[in-house]
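Colleague: I am new to reading models like this one. Could we go through it together?
Modeller: Gladly, here it is.

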Amino acid sequence: MSLIKEIDFGTPIRIADKTVTLTIDGESVTVPAGTSVMAAAMSVGTKIPKLCATDSLEPFGSCRLCLVEIEGRRGTPASCTTPAEEGMVVRTQSEQLHGLRKGVMELYISDHPLDCLTCSANGDCELQDMAGAVGLREVRYGYEGENHVFAKDKDGFANENWLGLDTSNPYFTYDPSKCIVCNRCVRACEEVQGTFALTITGRGFDSRVAAGPTDFLGSECVSCGACVQACPTATLMEKSVIQMGQPEHSKITTCAYCGVGCSFKAEMQGDKIVRMVPHKDGKANEGHSCVKGRFAYGYATHKDRITKPMIRAKITDPWREVSWEEAIGHAASEFRRVEAKYGRESLGAITSSRCTNEEVFLVQKLVRAAFRNNNVDTCARVCHSPTGYGLKTTLGTSAGTQDFKSVEKADVILVIGANPTDGHPVFASRMKKRLRAGARLIVADPRRTDIVKSPHIKADHHLQLKPGTNVALVNALAHVVVTEGLIDEPYVRERCDLADFEIWARFIAQEVNSPEASEEFTGVPADEVRAAARLYATGGNGAIFYGLGVTEHSQGSTTVMAMANLAMATGNIGREGVGINPLRGQNNVQGACDMGSFPHELTGYRHVSDEGTRHIFETMWGVSLDDEPGLRIPNMLDEAVGGTFKGLYIQGEDIAQSDPNTQHVTAGLAAMECVVIQDIFLNETAKYAHVFLPGSSFLEKDGTFTNAERRINRVRKVMEPLSGKHEWQVTIDLARALGYEMPYAHPSEIMDEIALLTPSFAGVSYAVLDKLGSVQWPCNDKAPFGTPLMHVDHFVRGKGRFMLTEFVPTQERTGARFPLILTTGRILSQYNVGAQTRRTENSTWHDEDVLEIHPFDAENRGIKSGDLVALASRSGDISLKAEVSERMQPGVVYTTFHHAETGANVITTDYSDWATNCPEYKVTAVEVRRTNYYSQWQEKNREEDVSLRRIAGKSTGNLADAAE
Amino acid sequence: MSLNYYDPAAVKLANMAKLGHMAGQIADYFKSYPEEQAVAAIAAHINEFWSRRMREDFLATFNAGSEGLHPLARAAVVAIKPAID
């Protein structure tokens with residue numbers, strides 16, 4: 001095993017139809033027009049010395065190290081800023097060039113510390129490499145002159161040019177004394193991340209990299225790591241490298257946070273992670289990362305990890321550590337006991353969107369083949385199940401239509417109910433790059449999110465609608481398209497079902513759907529809606545990106561279909577730059593859905609009542625399968641509270657924190673007789689469990705994740721499971737104890753079975769993934785390299801189907817008692833229930849959930865930022881700190897659900913999407929008032945953090961999330 | 001908390017009301033379609049996504065004459081697949 005190093009071409013390889021051929025050091029080279037001489041040289045393996053150039057950034061031409069000679073040209077141009085031209089004759093080495101480069105390096109080194117042996121970049125320093133490459137042997141200027149290196153001059157006086165180390169960021173340091181002012185960090189922050197947090201202050205010898213007028217932590221910096229990665233010296237350096245030294249080998253794996261699914265190189269010393277570096281060849285992220293994937297991996301080895309199986313008879317008993325055999329035997333016998341007493345349908349399972357496809361597949365197989373029912377569901381139920389329903393109904397497939405790269409070709413970007421800079425930051429960076437290059441932007445969101453306005457980005461239209469009125473708004477957009485003659489008629493005629501289209505067009509043209517009529521509900525000015533609709537319909541390639549602000553409503557599925565209608569009517573599906581794309585929450589939520597985690601569907605979205613499909617599974621699995629749909633998570637909980645659902649196997653989910661109406665969830669869990677949790681931490685749900693089976697972090701796994709663009713990426717094991725057993729083996733053992741054998745020796749064999757059973761995965765295997773890096777499903781005989789774009793010539797379902805989407809207001813209403821609307825969401829540094837990120841330094845940025853409230857509502861209630869406020873709904877009440885913010889509109893408050901002790905979901909209700917039961921997290925009627933107390937629920941929860949988490953023979957307290 | 005989750009009678013009542021509410025929501029979606037089509041679609045949706053026991057509980061509580069039920073859902077009751085084990 002060795003350290004994976006991608007080739008750095010120095011400047012981006014351009015995409016062009018035309019090529020040019022030139023001669024470099026006598027060798028003929030052909031490259032796309034617009035490619036630099038430097039990149040052309042590297043494409044045949046000729047490394048021209050460089051410092052300020054790297055191929056993730058546009059050329060800059062400041063270091064003057066990459067000079068070359070070109071026949072017929074005067075002087076020595078910089079090869080990074082000189083485009084290759086037809087017939088050019090280039091020399092990269094000559095006596096003259098050698099002398100010039102050496103002179104440049106001599107100047108650099110005269111103002112650089114010579115502590116190479118003890119420097120953290122030792123072994124990975126481009127400055128050192130270049131000094132070697134140009135043959136620098138002496139520095140004639142000495143080191144005593146004016147410099148940035150020493151704190152004091154030789155007479156003991158303070159050096160005005162010297163700046164101290166900035167260690168404020170928890171993950172990396174900035175050492176100005178080692179800076180060569182190549183600008184790579186500043187440009188990375190601007191071009192790659194798009195945050196513009198860094199700058200160069202001063203001029204000439206005074207030029208310094210600065211995070212604005214403050215330190216890194218206090219600045220706009222989002223800690224994505226792009227600057228650290230771009231730095232050629234030890235100026236910006238991971239603290240982990242400073243502490244541990246350079247890694248010696250690496251493996252490519254996939255991030256376990258959001259649905260972007262970034263590829264990373266896990267750089268290792270033995271089985272210890274030194275750092276995670278985004279992989280340049282990863283198609284989802286192309287070498288970029290965010291603060292979660294890049295830095296927040298420390299939870300994997302956190303002291304709270306539970307690594308021994310445990311059981312207990314009652315949830316009030318302390319846990320007892322037992323052997324694997326005893327834990328699995330106990331779980332199986334309990335499940336069988338429950339089944340005997342309450343019937344076959346009293347058992348079920350929840351699969352995890354954080355686990356691999358292979359692990360998820362096994363759990364649903366266990367349910368169908370060993371429990372012999374279809375009571376399996378996954379956390380997509382509470383996030384993107386309406387996407388599955390809505391896109392399947394209209395287009396024919398339960399997934400997004402594009403790859404992420406497609407955004408580079410979009411002309412008008414419509415973001416609805418998504419907060420990409422916080423929720424999907426790496427994709428947001430790609431989107432912002434396209435916006436800076438001129439694409440137009442429409443944002444529909446109740447809050448003024450960062451994408452609405454940030455440096456060099458400004459939405460043309462921010463449609464700041466009231467929560468719960470998405471359908472009215474999207475209908476109004478479509479109304480304008482239809483009534484103003486903006487329909488792409490040839491497209492609709494060729495590709496869509498015309499009868500359905502005509503019914504829809506008549507429906508949507510009704511006055512009730514006009515922007516003027518819907519303004520009453522949405523609160524968005526009609527002319528703003530009209531202008532936005534015209535822009536989307538006529539501005540070129542129109543691309544829709546949406547998130548949970550669309551799906552987590554009582555009309556979530558309707559909104560998804562309304563967006564599909566809008567995209568079809570304007571001809572915006574089926575090519576690059578357009579489409580309708582869910583930004584999925586969790587790393588493998590697409591995969592969990594694909595793997596047959598829904599109670600009504602087998603893998604590849606085939607209904608359990610379909611005899612042909614069932615027969616294939618029955619033959620392969622050797623059991624007969626139930627042809628009736630099973631229970632969805634909310635149904636399981638209803639039946640648990642009602643006394644008919646009694647046993648649950650939960651794989652890596654924390655429904656007691658993540659699911660709505662916490663008191664309903666915990667009452668359901670408490671009513672069950674056998675709750676088995678497979679997780680890495682003793683999470684909130686585990687307080688109600690009887691068996692705990694220790695799981696593994698993604699670093700301990702071989703498998704695959706499927707991201708929001710249907711991309712199947714490999715997850716590769718870099719350390720052994722801390723529990724001594726792979727998760728997939730645990731599921732197999734449990735199935736065996738239940739009397740059902742699943743013979744696999746490696747996750748690759750599980751994928752082979754998935755491929756055999758699932759037409760859209762027929763061409764997927766570990767060999768194919770190792771060869772291609774990743775593939776987007778469908779991947780089969782018709783598309784052996786996968787399918788970046790869906791619905792290219794025709795829709796998967798045949799003709800695109802327009803569905804009627806009448807606006808039906810939610811039954812959750814505001815009134816005198818609960819006059820405000822609460823909507824919930826996420827923040828950049830924390831992830832979902834926070835079980836992972838709260839156990840990292842990411843809490844530096846966000847250590848508690850706060851309630852955002854508009855100044856008007858705050859003033860009415862005498863609330864100031866920092867006050868403790870009581871937040872109450874019909875479901876329950878909690879207390880948390882207020883933050884007065886103009887990002888909110890009057891009448892709407894907002895919070896996150898990252899911290900268990902806050903209990904944001906105590907507030908949310910049982911209301912759900914009509915088609916899928918996806919909970920309505922985004923609309924809850926609430927009241928807010930000042931308080932001095934934490935709520936009863938919070939006090940009880942604090943007590944139970946200790947009383948329901950005791951482990952026999954261990955001191956209590958340190959396992960509670962609250963004690964983080 | 002509006003509902004005591006530890007009171008079996010109250011919970012049963014609430015669960016049945018919830019099934020009626022869910023059927024009403026489905027009906028509210030399909031009501032824009034012509035009645036015949038809507039009724040068939042409502043029943044098909046319930047048959048496709050509700051478990052055997054949910055349908056059984058629903059049919060035990062509601063019938064074509066149930067007052068509290070959305071009129072279209074009422075019309076769909078006859079087309080909901082009875083639970084046969």
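**Reading a predicted model**

Modeller: P778(A) sits in the loop between β30 (774–776) and β31 (820–825) of chain A; helices (H or I, at least four residues) and strands (E, at least two) are DSSP runs, numbered from the N terminus. Residues count from 1 along each chain as its sequence is written, with chains lettered from A and ligands numbered from 1 in the order in which they are written. This is a predicted model: local features need pLDDT of at least 70, side-chain atom pairs count only at pLDDT 80 or more, and totals for chains, interfaces and linings use all residues.

Colleague: What is the peptide bond from W777(A) to P778(A) like, cis or trans?
Modeller: That bond is cis, with omega near -5°. Most peptide bonds are trans.

Colleague: Why is D25(A) called partly exposed?
Modeller: A residue is buried if 20 or more other C-beta atoms, placed from the backbone, lie within 10 Å of its own, exposed if 12 or fewer, and partly exposed in between. D25(A) has 14 other C-beta atoms within 10 Å, so D25(A) is partly exposed. D25(A) lies in the loop between β1 (19–24) and β2 (27–32) of chain A, and has a positive phi of about 50° without being a glycine.
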